[in-house]
Amino acid sequence: MSENKNRRRHRKADGKSFIILPIIFFVGTYLVLYFALAPSFSALFSAAGMLFSDSEKDYSTDYKNIFVPVSDDSALSSDVKDGKQYIDIDKIEYPRYGNQFGELIIEDCGIENKLFFGDGDVALRNGVGLYSGSFIPGYGKTILVAGHNNTYFNGLKYAQEGQTAVIRTSYGNYEYKITGTAVKKSNDKTAYDLKADNENLVMYTCYPFDELGLTSYRFFVYAKYVSGPVIQKDSAEGE
Amino acid sequence: MAKKPLVSRIRNAVFLILSFILSLVLFLLTFAVVLTATVFNSEFIFSSMNLSNYFVDKKDEITVSLTDLGYASGLDEKFFEDFVDEVMISNDTKNYLDNYFAGKGTVIDATSFKQSFNEALDEYIKEHNISNVDAESREMLINKAAQIYRMSLGIPMFSRFSSYILNAKSFMPFVLCGFVLICTVICFVLFKANKWKHRAVKYISCAALGAAVSTAVLPVYLLISGKLTHINLASRALYNFFIKASSDACVAILFCSLFLLLVGIGLYFLFRRMYQKVSS
C-alpha cells in the first residue's frame, strides 16, 4: 500500500518537474544573457534607438501643403509701427521639412513656383526649396532658396538688378528687390551670409544654364527686403 | 519521509546545473545555426531579395533618383525611364554579396553601369543635336549617376557592421562545433554518472524543453509586437527586404524551437516508459 503511494508521489513530482525545470531554465538563460550583456546595454539601446522609430516609416513621396494665400492687407499682423506690419511668431504655422509653405514669383523672369521648406529631392522635384539652415521670410535674416536650372529656376537666367521677387506665405506677402547676380563656385563660402542681421533673399541654381551635365558653378541672385510683415520673436523668446 | 543523503543531494544539484548548461548551450546553438543559415548566408539574402520584390522596388528608386539628377543636369525624364533594369541590379547585387562574404570589401562595381550611361548619353546628345557639352560637366554627371547607383545598391548595415559580421562568420563553424561538443559531453556525463538512465533522460528532456521556451520567446515577441516594422530605413526596397528576411529568420528560430519541443516531449515519453520498466 505504502509502496503504491510512494510511486504515485514520485510520478506526480516527476510530472511537475517537466514543467517547473524548463521554466527555471528559461528564466536562468535570460538572467545569464542579462548579466553577460549588461555592460553593453547602453550601446545596444542607443543603436536600437537609431535603427527603430516609434511608428512605421512613411515612404510616400507626397508633400504637405500648408500654404493658404492671403491678400496683402489681410496678413495676420497684430501691430503697425513706423509703417511696418508686425506679426507674433505664435500666430504663424512654422513649416516642417518638406512642407510647401509659400510661392516664389519673379514676373520678369517668368518664375512662379511652389516654395518648400527644405531643399530635398521632393521639394526640388516640385518647385524650389528654402535651405532649412536659413530663415523663413519675415524673420529678418537670410533666406536661401535653391532650384534646378533646367526646371523651376531656369528663368533665373533673366534676372536683373531692379526686378521684383515676391514670396507669398500664409502669414503675409513679401517683396524683395534684386540687387545683383553672381557666378561662384559651389563651395564658395562667401557667396552668402547666413548670419546676416538684415533680411535678404538669395536664390541660386547650377550654372551655366541649358547645358548638359553637372557643374561646380552656381548662379546667385541677391535681393533685399522691401516689404512684408516682420515676425516678432520677443513674445516667444520672453516666455 | 526519509531525508536524502547529502551526497545524493549534491549529485542532484550538479545534474541540475549540467542540465541548465545544456539548455543554455542548446539556446545559443539554435541562434548560431539560424545566424549561419540567414545573416551569414548570401544565398538566403539573395532569395529574400527576390521574394520581397527588392529588385523591382530598387529599380524604381534608382530611376527616381536618376530622374532628379536629370532635372539638375538637363536630361529628359524619358532618358531614365528604362535605363536601369532588374537584371543589371540583380547581377551587381549578387556580385556585391559574393564579394562581401568573400571578405573582398563592400565596394559595388558600377563599371557596366558607367559604360551603359556613357553610351546612352552619346546617343541622347546625337538625337537632340546638343552642341554645348563640357567634358568636365559630362564626367561629373556620369560619376554622380554612378555614385547614386552604388549608394542605392549598398546595404547600409553591411558596411557599418562589416568587420563584426565577417569576423563572426569566420568563427561560426568553430562556435557551432564547440556547442555541439559541449552538448555531447554533457549528455555523455549525465548518462554515465546516473545509475538509473531514466534520470539522465529526464535531465536532457528538461534541458530541451527549457531551450524550446527560451528560443521561442524572442521571435514570438518580435512577430507579435510588430517592432520589426518600425525599422528606420531610407529605402522602401531595403525595408521590404529587411521585413521579409527578419520574419523568415524568426520563423526559422520558431521551427528550431518546435524541434526542441518535440525532442523534449519525446524524451519525456521515453522517460516514462523507462521509469515504468524500472519501477515494475
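I count two residues as in contact if their C-beta atoms, placed from the backbone, lie within 7 Å. I take helices (H or I, at least four residues) and strands (E, at least two) as DSSP runs, numbered from the N terminus.

**Entry 1. Basis of the reading**

I note that this is a predicted model, in which local features need pLDDT of at least 70 and side-chain atom pairs count only at pLDDT 80 or more, while totals for chains, interfaces and linings use all residues. Residues are numbered from 1 along each chain as its sequence is written, and chains are lettered from A and ligands numbered from 1 in the order in which they are written.

**Entry 2. Helices α3 and α10 of chain B**

I looked up which residues of α3(B) meet α10(B). B:Y54, B:D57, B:K58 and B:E61 of α3(B) meet B:R236, B:A237, B:N240 and B:F241 of α10(B). By class, I found 3 nonpolar, 1 polar and 4 charged residues in this contact. Here Ala, Val, Leu, Ile, Met, Phe, Trp, Tyr, Cys and Pro count as nonpolar, Asp, Glu, Lys and Arg as charged, and the others, Gly among them, as polar.

Helix α3(B) spans residues 54-73, and its axis comes within 8 Å of that of α10(B), with a crossing of roughly 165°. Axes are lines fitted to C-alpha atoms, for helices over the stretch in contact, and angles run from 0 to 180 degrees between N-to-C directions. The two helices, α3(B) and α10(B), are therefore roughly antiparallel to each other. On this scale, angles under 35 degrees count as roughly parallel, over 145 as roughly antiparallel, 65 to 115 as roughly perpendicular and the rest as oblique. I recorded the crossing of α3(B) past α10(B) as left-handed. A crossing is left-handed if the near helix is turned anticlockwise from the far one by less than a right angle, and right-handed if clockwise.

**Entry 3. Helices α2 and α4 of chain B**

I next examined α2(B), residues 42-51, and α4(B), residues 86-101, which pack at an angle of about 155° with their axes 10 Å apart. That angle makes α2(B) roughly antiparallel to α4(B). The crossing of α2(B) past α4(B) is right-handed. From α2(B), the contact draws on B:S42, B:I45, B:F46 and B:M49; from α4(B), on B:T93, B:K94, B:L97, B:D98 and B:F101. I found 5 nonpolar, 2 polar and 2 charged residues in the contact of α2(B) with α4(B).

**Entry 4. Domains of chain B**

I read the division of chain B as domain 1 (6-45 + 172-279) and domain 2 (54-159); such bounds come from an automatic or database domain assignment. Taken over C-alpha atoms, the centres of domain 1 and domain 2 of chain B are separated by 45 Å. In chain B, 8 residues of domain 1 are in contact with 8 residues of domain 2. On the side of domain 1 that touches domain 2, the elements giving two or more residues are α2 and α10 (236-279) of chain B. The largest share of that side, 5 residues, comes from α10(B).

For chain A, the assignment gives domain 1 (2-51) and domain 2 (79-238). I noted 63 Å between the C-alpha centres of these two domains of chain A.

How many residues of chain A are in contact with chain B? I found that 33 residues of chain A are in contact with 37 residues of chain B. On the side of chain A that touches chain B, the elements giving two or more residues are α1 (2-37) and α3 (121-126) of chain A. The largest share, 12 residues, comes from α1(A). By class, this side of chain A has 14 nonpolar, 10 polar and 9 charged residues.

**Entry 5. Strands of chain A**

I traced a barrel in chain A that 8 strands close in the order β3-β4-β5-β6-β9-β10-β8-β7, with mixed pairing. Its twist averages 30° from one strand to the next. Two strands pair if DSSP finds at least two bridges between them.

- Strands β6(A) (142-146) and β9(A) (200-207) pair in the parallel sense over 5 bridges, and A:T142 has A:N200 as its bridge partner in β9(A).
- Strands β9(A) and β10(A) run antiparallel and are joined by 8 bridges; the partner of A:V202 in β10(A) is A:Y222.
- Strands β8(A) (172-185) and β10(A) (217-227) run antiparallel and are joined by 10 bridges, with A:A182 opposite A:F220.
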